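Let's take a friendly walk through one protein model. Have a look at the sequence and the structure first, and then read on.

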Amino acid sequence: VAVLNAGTPGNRLLRPGMGESGLARLGTDVLQQPGVGAVVVMLGTNDIGWPGGPFAPREKVPSVDELTRGLQQLVAQAHLRGVRVVGATVSPFEGALKGTPLEGHYSPAKDALRQALNAWIRSAGAFDAVVDFDEVLRDPSRPSRLRAEYDSGDHLHPNDAGYEAMARAVDPD
């Protein structure tokens, strides 16, 4: 199985972040690539985490409806090209970047939005398949946090063991 990683740090689904939005990048970064049969979509963390923090201090947090509409648009674009879409749940990020100049990514309200988005990803039937990175990475005793053994230390990004667990969770079929 050949894999093209078109992930972009700081990317967001709905708005530009550190580059164009996921919706804007889909065509050039994924759909125009030769031989693409499927795409794994893991977007939403920065859409939820950035507003009200240092990266987007004046932005409002998007609603679950705005996020799901964006994901539905992405799926529709991919399906027009015959590309299967695997939706990935948003992993937990309690304590993300705490104690750094970038603090402000997490709040209980943002986690409630993350959980609502994940429930939709799991149950809406919008995707051809779903990979539950939230389930793989979360701490069973505190589901709003990454498991310690998968945490890179910033409580936002997985470490190598976390990325390996994510890779094992993806069914290549």
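## Aromatic pairs

Trp50 is buried, because its relative accessible area is 5% (buried means under 20% relative accessible area, exposed over 50%, and partly exposed in between, with a 1.4 Å probe and protein chains only). Phe55, in contrast, is partly exposed at 36% relative accessibility.

Before we go on, a word on the model: it is predicted, so local features need pLDDT of at least 70 and side-chain atom pairs count only at pLDDT 80 or more, while totals for chains, interfaces and linings use all residues. Residues are numbered from 1 along each chain as its sequence is written, and side-chain values use heavy atoms, with hydrogens and water left out.

How many aromatic pairs does the structure hold? There are three, where rings of Phe, Tyr and Trp (its six-membered ring) pair if their centres lie within 6.5 Å. One of them joins Trp50 and Phe55: the centres are 4.6 Å apart and the planes are at 25°, so this pair is stacked (planes under 30 degrees apart count as stacked, over 60 as edge-to-face and the rest as tilted). Another is formed by Trp120 and Phe127, which are edge-to-face because their planes are at 80°, with ring centres 5.9 Å apart. Trp120 is buried at 17% relative accessibility, and Phe127 is buried at 10%.

## A residue in helix α2

Ile48 belongs to helix α2, residues 45–49 (helices are DSSP runs of H or I with at least four residues, strands are runs of E with at least two, and both are numbered from the N terminus). Is Ile48 buried or exposed? With 0% relative accessibility, Ile48 is buried.

Leaving aside neighbours within four places in sequence, Ile48 is in contact with residues including Val61, Leu67, Phe93 and Arg114 (contact means heavy atoms within 4.5 Å). Ile48 and Arg114 are 66 residues apart in sequence, yet their C-alpha atoms are 7.2 Å apart in space.

## Helix α3 and its buried side

Helix α3 covers residues 64–80, and its 17 residues reach 24 Å from first C-alpha to last, close to the 24 Å expected at 1.5 Å a residue (the expected span is 1.5 Å times one less than the number of residues). Among its buried residues are Leu67, Gly70, Leu71 and Leu74.

After α3 comes Gly82, which has a positive phi near 75°.
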